[in-house]
Amino acid sequence: MSVVANNVITPPNGQHWLVRFCYSFLGGLLSVALWAIIGHMLFSRPGYEQFSGFLPGPAARALARLFLDSRFWLSAAASLSRVVVGLSVAFALGLPAGVLIGYYRRLSLTTDLSVQFLRMVSPLAWMPVALLIFKSFESAIDFLITMATIWPIILTTAAGVSRVNPQWINMARDQGARDRQVLTKIVVPACVPHILTSLRLALGVAWIVLVPAEFLGVSSGLGYLINDARDTMEYDRLMAVVIAIGILGFFLDGAVRLAMKRLKWYGDART
Amino acid sequence: MICATLSIDVVSPSPECRDLMKIRIEHLDKYFPLPAGRRLPVLEDINLEIQKGDFVMVLGQSGCGKSTLLNIIGGLIAPSSGTVQVDGQPISGPHRSITMHFQEPTLLPWLDVKDNIAFGCRIRGETDDLEYRVNEFIEMMGLSGFEKSHPAELSIGMACRVSLARALVARPEVFLLDEPFASLDTFTRSRLQEELINIWLSEGFTAVFVTHDIAEAVLLGNRIVLLGGQPCRVMDTIAIDLAYPRRLTDESFFQCKKNILESFKTSLERNAP
């Protein structure tokens, strides 16, 4: 009797997806174990019993309840819409700025110092300013997300533009392209991979800034849910929201990665 | 003797004679600025007349300024002094009747083969019967079946075919080629050389082809312009009266190649400081 092994063809670079999945699953299991051990060490001491909600078991049950709760999904939608608004504004301003800065060397020299400086200011430092400028908390949060994400967008796009193959530009000029056409037909499409990279970076930053920004006076959103759970001392719910934030962020990032993968010419292009 | 060695004489031709000249280069100098106000002379006093329908090979060592000269004719680089005229009109930028083929295929990786070939026509707004013209060159360059492929999926030889098609679909009167086959293997190169000559014979454009390969120069050109020196000057122009198609194995081809090698050596000695 012969046992025929599962005849799966392994791609030359990397493991079969099932193997990768097993590794990921194992890693996740180890993380949860570590969480459980450290949690027990911390919260089994006398006087800390009320914090046992932070342990994996209660948190998992709370997560299941959370996913069945329509209020959670409304909060998630509110948070997502803030990220979308903040990112849209950042892209609307940052993409043209990045393209121009990458295209015109003088503009790059002029703006470099300011951009490098502003990039290093924590977006949350703008919180008091945001509250002074904007009447509604909603707009203030959008502003903070924009301030957090516009710099990586500008820098990544500009880097992409300045690295466009100069021979493509020569070719287009030789074919009769005007400045505008060089920009729209060569430079911008050539930058699409960089723009997607900047979207990925910006999304990560936005998702991180979102939660503290939602500690501002709003009464919806994932950041609000965390604050609310803390106030009502439902630590299992608090932990569940933290995990939910991670899960949602993971899927957002995955969506952008998928879009990057879909671009056939991304990475190895014969020029 | 098969190859006549001609000396270049710069005389002011009569107006009728001017009409025959497709490209006229007069007293062309080019230097590149260096730091501290110094400058690097690349081309010095280049004088050249190219007749309509010529296939001119610009032959010289690597890095001698051949590509710079080609870029100046194509209007991509401005000369430091002197003039380039095409059909009696001075060149001051890229020109509709001149198309350039670069050393690399320079295909746009986000467009498929068909869109790459149509790129120039779309840029210029020449969209009348674009489909028909593009298909004509897809067929001519042996690209049928690859219309929807992207550059990353093509071999380097196929990519070269696409970029030739993109240049030719513009129906250039002057076709400038900057070592287009340098990165190809011998077999692909000789096939493309043969095909290029056939297209030239049927389309009748004026070609200026830069190369450092003497065999390629003798195989393709009806005239060879020897460049050399530092800065680079025209050392000699040589007419090649061999019938097409030429074969690398022909006795006459071999003889001609030998003559040019000798003339190259004597020119180098004559022009030596």
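This is a chat about a predicted model, covering the contact between chain A and chain B and a helix pair in chain A.

Colleague: Hi! What ground rules apply here?
Modeller: It's a predicted model: local features need pLDDT of at least 70, side-chain atom pairs count only at pLDDT 80 or more, and totals for chains, interfaces and linings use all residues. Residues are numbered from 1 along each chain as its sequence is written, chains are lettered from A and ligands numbered from 1 in the order in which they are written, and side-chain values use heavy atoms, with hydrogens and water left out.

Colleague: Great. How many residues does each chain bring to the contact?
Modeller: Chain B brings 28 residues and chain A brings 21 residues, where contact means heavy atoms within 4.5 Å.

Colleague: And how much area do chain B and chain A bury?
Modeller: About 2,200 Å², with 64% of it on carbon and sulfur atoms; buried area is the accessible area (1.4 Å probe) that two parts lose on being put together, summed over both. B:Pro109, B:Trp110 and B:Ile123 supply 30% of the area that chain B buries against chain A, more than any other three residues.

Colleague: How many salt bridges between chain B and chain A?
Modeller: The count is 0, taking a salt bridge as a side-chain nitrogen of Lys or Arg within 4 Å of a carboxyl oxygen of Asp or Glu.

Colleague: Switching topic: at what angle do helix 2 and helix 3 of chain A cross?
Modeller: Helix 2 (residues 56-68) and helix 3 (residues 70-103) of chain A cross at roughly 75°, and their axes come within 5 Å. The helices are DSSP runs (H or I, at least four residues), numbered from the N terminus, and the axes are lines fitted to C-alpha atoms over the stretch in contact, with angles from 0 to 180 degrees between N-to-C directions. So helix 2 of chain A is roughly perpendicular to helix 3 of chain A (65 to 115 degrees).

Colleague: Which residues of helix 2 and helix 3 of chain A make that contact?
Modeller: A:Leu66, A:Phe67 and A:Leu68 from helix 2, and A:Ser70, A:Phe72 and A:Trp73 from helix 3.

Technical notes: Helices (H or I, at least four residues) and strands (E, at least two) are DSSP runs, numbered from the N terminus. Angles under 35 degrees count as roughly parallel, over 145 as roughly antiparallel, 65 to 115 as roughly perpendicular and the rest as oblique.
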